[in-house]
Amino acid sequence: MPLAIFPLLCMATLTALLTVGSPARIFTLPAINKEIANQLIHHEQVSLGDFINPGARVPRKAIVLYFFNRAAGGENLVTLNRIAKRNARLEVQVLGIHTDSRSSKSLEDWISGLALIYPVLDDKHSVVSTRYEIRELPLAIIVDSDGQIVSIGNPTEKALEDEINAGLASLVGG
């Protein structure tokens, strides 16, 4: 399967040390919006393995991992919600990964108030962002159903939707 690379990927090594074509690192994190995780996988702990590889609970053609915190990329969560809604029938799963150690009730309230249809996971101990070698936020990584990274980039707020859709195109036939 050809690798889909959206614009800005030439700078990928500046934002993450992972590379396009390398295997995604499996992780499990608690959901901030637990009700969405429960609806999706009947569990409050969400794993990348729930969506990829043989034995996935909810197999998907593509998974968008979006690393952010409230100050860096938080403004894009509603745009990601639109992407998730538009691509749900195409078996695309969005996972927001909040990387700030200051998790709180106000964070839960903020996420809940956005009425997102995808899980937002709490990486407050930076376990996943460290494993993914994240250097800059926000960062979007697209993973295919076999667990391979097909796109890495940190698109601007204005370009986010177009660039993620371009990265998904070869995986979902869009």
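Trainee: How many bridges join β3 to strand β6, and do they run parallel or antiparallel?

Mentor: 6 bridges join β3 to β6 (residues 139–144), and the two strands run antiparallel. Within that pair, Ile 63 sits opposite Val 143 of β6. Before we go on: this is a predicted model, where local features need pLDDT of at least 70 and side-chain atom pairs count only at pLDDT 80 or more, while totals for chains, interfaces and linings use all residues. Residues are numbered from 1 along each chain as its sequence is written, and side-chain values use heavy atoms, with hydrogens and water left out.

Trainee: Thanks. What counts as a strand, and when do two strands pair?

Mentor: Helices (H or I, at least four residues) and strands (E, at least two) are DSSP runs, numbered from the N terminus. Two strands pair if DSSP finds at least two bridges between them.

Trainee: Which order do the strands of the open sheet have?

Mentor: The order is β5-β4-β3-β6-β7, an open sheet of 5 strands with mixed pairing. β5 (120–122) and β7 (149–153) are at the edges with a single partner strand each, so one side of each has no neighbour in the sheet. From one strand to the next, the twist averages 20°, using axes that are lines fitted to C-alpha atoms, for helices over the stretch in contact, and angles that run from 0 to 180 degrees between N-to-C directions.

Trainee: What handedness does the unit of β3, α3 and β4 have?

Mentor: It is a right-handed β-α-β unit, with helix α3 covering residues 77–87. Right-handed here means that, with the strands pointing away from the viewer, the path from the first strand over the helix to the second runs clockwise.

Trainee: Is β3 mostly covered or open?

Mentor: Mostly covered: 7 of its 7 residues are buried, where buried means under 20% relative accessible area, exposed over 50%, and partly exposed in between (1.4 Å probe, protein chains only). Ala 62, Val 64, Tyr 66 and Phe 68 point one way, and Ile 63, Leu 65 and Phe 67 point the other way.

Trainee: So where do those side chains end up? Which residues touch the most other members of the largest nonpolar core?

Mentor: Phe 27, Leu 65, Phe 67, Tyr 132 and Ile 141, in a core of 26 residues. A nonpolar core is a set of buried Ala, Val, Leu, Ile, Met, Phe, Trp, Tyr and Cys residues joined through side-chain atoms within 4.5 Å. Apart from that core lies another of 25 residues, including Phe 68, Leu 77, Val 150 and Leu 168.

Trainee: What covers the buried residues of α3?

Mentor: The cover includes β3, β4, α4 (105–113) and α6 (160–172). Thr 79 is in helix α3, and it counts as buried at 12% relative accessibility. Leaving out residues up to four places away in sequence, Thr 79 touches Leu 160 and Glu 161, with contact meaning heavy atoms within 4.5 Å.

Trainee: Changing topic: where does Ser 47 lie, and is it buried or exposed?

Mentor: Ser 47 lies in strand β2 (residues 45–47) and is buried, at a relative accessible area of 12%. Its side chain reaches the backbone oxygen of Phe 27 at 3.0 Å. A polar atom of the Ser 47 side chain also lies 3.0 Å from the backbone nitrogen of Gly 49.

Trainee: Last one, Leu 90. Where does it lie?

Mentor: Leu 90 is in the loop between α3 and β4, and at 33% relative accessibility it counts as partly exposed. Its C-alpha is 8.8 Å from that of Ala 62, although the two are 28 residues apart in sequence. Not counting residues up to four places away in sequence, Leu 90 touches Lys 61 and Val 172.

Conventions
A polar contact is a pair of N or O atoms within 3.5 Å; within protein, one must be able to donate a hydrogen and the other to accept it, and residues adjacent in sequence count only if both atoms are side-chain atoms.
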